[in-house]
Amino acid sequence: MQSALRIGLFLILATGLIAGCRKAADTTSSTGATQPAGDLKTFPIRGKVVSVDAGKGSVTLDHEAIPGFMEAMTMPYPLKDKSLVSELHPGDRITATLLVRKTPDGYEDPELDKIVVTAQGKPDYVPSVQYHVPTEGDSVPDFKLTNQSGRQIRLSQFKGKAVLITFIYTRCPLPDFCPKMNHNFAEVDKALAADPAVYSRTHLLSISFDPKNDTPPVLKEYAQAYAGNTSFAHWEFAVPPATELAQLAQWFDVGISPAQDGTITHSLSTVLVDKNGKVAAFYPSNEWTPAEVVQKIKSVA
């Protein structure tokens, strides 16, 4: 009864939502069947796998609320790539992109795409990667990076300041992922600049997890599109050495997986580090707002 009620509520909510972002005249699903025309909308989704249906190529997911789309609930979702079903297990925690098509009848054809397993739940195998979840009070390792100007920097040099860190890559095509983080950081930067005393005690750092492509010149050009003509004194863009990328990504709980089309499937992670180099707050999705983060920064700066 409870499941039926929650699914029914989803259908009511879905029919009243605003249409999606790009027009698709004709789309083919993972099964090869032609889907009805409509606007394709993408939403980040995060949750725990409850069960797996190998025959249907779907998983039942107990997921968090999806801002602007639906409340937290448990329901089945088909996978865009059915072959991935064998790699998912009950208890796995995942992040993914939810694809839905807006038609005159409402939202249709939901599929999960760009799946990243951030924590594995199957008890009979050892996870190949162990992710650390940043927790308040954790001491942040002194990772080294190269910034947009080609200068080597270390996280330890920012002690004495509150540092807001997020993870991006310049080729990210999803507006709700890296571009949204950049727009949010631009708003945070602007808000902090309005208070010179706080501004001098804070720093912003956008870290790329694509060292092969995101060289300092690429980062600099990309950064200027969001930060404007800046000296980068307060907001820097940087990238770790390829040999240290895995360690950094795992510590900050950033799931990274190259996709077949050359893009990178990834999860989101934004971390506020206090003036003593310890985690003050962790934001594992795109649900946070610049206003709430600015308030938190001021409380620790």
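Predicted model: local features only at pLDDT ≥ 70, side-chain atom pairs only at ≥ 80, totals over all residues.
**Entry 1: cavities**

I noted a volume of about 140 Å³ for the largest cavity, and about 70 Å³ for the second largest cavity.

**Entry 2: the largest cavity**

I then asked which residues lie nearest the centre of the largest cavity. They are Pro44, Ile45, Arg46, Pro284 and Ser285, out of a lining of 17 residues. I looked up the strands that take part: strand S4 (38-53) and strand S7 (93-103) each supply at least two residues of this lining. S4 gives the most, with three residues. Sorted by class, the lining of the largest cavity has nine nonpolar, five polar and three charged residues.

**Entry 3: the second largest cavity**

I listed the lining of the second largest cavity as Thr95, Ala96, Thr97, Lys114, Tyr169, Pro173, Leu174, Phe177, Ile264, Thr265 and His266. Which strands each supply at least two of its residues? I found S7 and strand S15 (264-266). S7 also supplies at least two residues to the lining of the largest cavity. By class, I recorded six nonpolar, four polar and one charged residues around the second largest cavity.

**Entry 4: the span of helix H4**

I turned to helix H4 (residues 216-227) and checked its length. Its 12 residues, at 1.5 Å a residue, should span 16 Å. The C-alpha atoms at its ends are 15 Å apart, which agrees with that expectation.

I next asked which residues of H4 are buried. They are Leu219, Tyr222 and Ala223. Viewed down the helix axis, the buried residues of H4 fall within an arc of 105 degrees, so they line one face of the helix. On the face of H4 turned away from the buried side, I found the exposed residues Pro217, Glu221 and Ala225.

**Entry 5: the surroundings of H4**

What do the buried residues of H4 pack against? I recorded four partners by name: strand S11 (162-168), helix H2 (178-193), strand S12 (202-208) and strand S13 (235-239).

Notes: Residues numbered from 1 in each chain as written. Heavy atoms only, no water. Expected span 1.5 Å × (residues − 1). Buried < 20%, exposed > 50% of the residue type's maximum accessible area, 1.4 Å probe, protein only. Arc of directions from axis to C-beta. Contact = heavy atoms within 4.5 Å. 1 Å grid on protein atoms, 1.4 Å probe; cavity = no way out; pocket = protein on both sides within 12 Å on 5 of 7 lines; lining within 4 Å. Points joined across faces, edges and corners; volume = space filled by probe spheres on them. Nonpolar A, V, L, I, M, F, W, Y, C, P; charged D, E, K, R; others polar.
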